[in-house]
Amino acid sequence: MDSFFIGIYNYFEKHKVIMWATAIAAFVLAGYFASRIKLEEDITRILPHEKKLDKQQQVFLDSKFSEKLSLTISQKDTTKEADPDQLTEYADSITAIAKTSLAPYIKNIIGGGEDSSAVNLMQSIQDDLPLYLTEKDYSAIDTLITQEKIKEQITWDYNNLVSPAGFVLKKTILEDPAGISWIGIKKLQHLRYDEHFDLYNGYVMTKDHRHLLMFIAPASPPNATGKNAVFFKKLDEALDGLQKKFPGITASYFGAAAVSAGNAEQLRTDTLLTQGITLLLLVVFIGFYF
């Protein structure tokens, strides 16, 4: 084997032009193949590839809720009186930033109850009302169509139509002036998860009006840690900028994308550190050995 390498050395020693041409061609070829490499930052790649884990990972990636990022806006000083208007003003600023400088990184942002969603829900219940009713409900309908009850319902309809709520309830009232569909709508109250939250100016808040909750859907999936790292850097800069404008308000976020991006950054740092130490020890060891 040693004679083979010695023969190569002797050949290139006599043919310098061929040696340099071969070296340059090798570098060019290596550079070409290196340029074809596509790097992908995905923290889930560190997990072992097993059928059960692959299925769990697929469920995680396909889950729409895992893409959501929850943003909590809170009042710093808990001893002061609650100021929900300042929280909503902060939320409006976040929404404006999300639609401008953060637009390339955000799919959508949800601040609270949407009027269109409520209208669509009530319309769906009206269209399929019999599916929501039981035998007892049909007995209740008989009481709704009495003369006295209809007068009360018409008065209630009129008061709502002339109020701000009429913007949302107008279509429902016109299609169902007797209010029969409200029997089905009230059945959805048991789906409410927690009574400690309330709606204030279209935003979800805690009952004490000291914390406001928003949801952000990043444009990239949670496993795209490279792209999400850039997004979270921009988001942190935006929150730091709002901190100067709203010194009494603090904001924090949490979600699968944030956890994945943080873990990937920590893994990158740890990998560079361990590889650097290993390379340094190898150089020192080889240096002392020879």
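Let me start with a loop: His209 is found between β4, residues 203-206, and β5, where strands and helices are DSSP runs numbered from the N terminus, with at least two residues of type E for a strand and at least four of type H or I for a helix. What you see is a predicted model, in which local features need pLDDT of at least 70 and side-chain atom pairs count only at pLDDT 80 or more, while totals for chains, interfaces and linings use all residues. Residues are numbered from 1 along each chain as its sequence is written, and side-chain values use heavy atoms, with hydrogens and water left out.

Staying with His209, this residue has a positive phi of about 60°, although it is not a glycine. Most residues other than glycine have a negative phi.

Next, the strands, which count as paired if DSSP finds at least two bridges between them. Strand β3, residues 197-200, pairs with β4 in the antiparallel sense over four bridges, and within that pairing Leu199 stands opposite Val204 of β4. The two strands form a hairpin with two residues between them, and Asn201 in the turn has a positive phi of about 55°.

Strand β1, residues 69-75, is mostly covered, since five of its seven residues are buried, where buried means under 20% relative accessible area, exposed means over 50%, and partly exposed lies in between, with a 1.4 Å probe and protein chains only. β1 pairs in the antiparallel sense with β5, residues 211-218, over six bridges, and β1 also runs antiparallel to β6, residues 249-255, to which seven bridges join it. Ser70 shows both pairings, standing opposite Phe215 in β5 and having Phe254 as its bridge partner in β6.

Finally, the surface. A patch is made of residues with over 30% relative accessible area and no salt bridge, like charges being joined within 9 Å and nonpolar side chains (Val, Leu, Ile, Met, Phe, Trp, Tyr) within 5 Å; a salt bridge is a side-chain nitrogen of Lys or Arg within 4 Å of a carboxyl oxygen of Asp or Glu. One patch, which is negative, is formed by Glu81, Asp83, Asp85, Glu89 and Asp92; of these, Glu89 lies in helix α5, residues 84-98, and is partly exposed, with a relative accessible area of 42%. Another patch, nonpolar and of about 660 Å², is made by Leu282, Phe285, Ile286, Tyr289 and Phe290. Here Ile286 lies in helix α12, residues 256-289, and counts as partly exposed at 44% relative accessibility.

Conventions
Areas by Shrake-Rupley, 256 points an atom, 1.4 Å probe, with all protein chains shown as cover. Lys, Arg positive; Asp, Glu negative; His and termini not counted. Charge placed at Lys NZ, Arg CZ, Asp CG, Glu CD.
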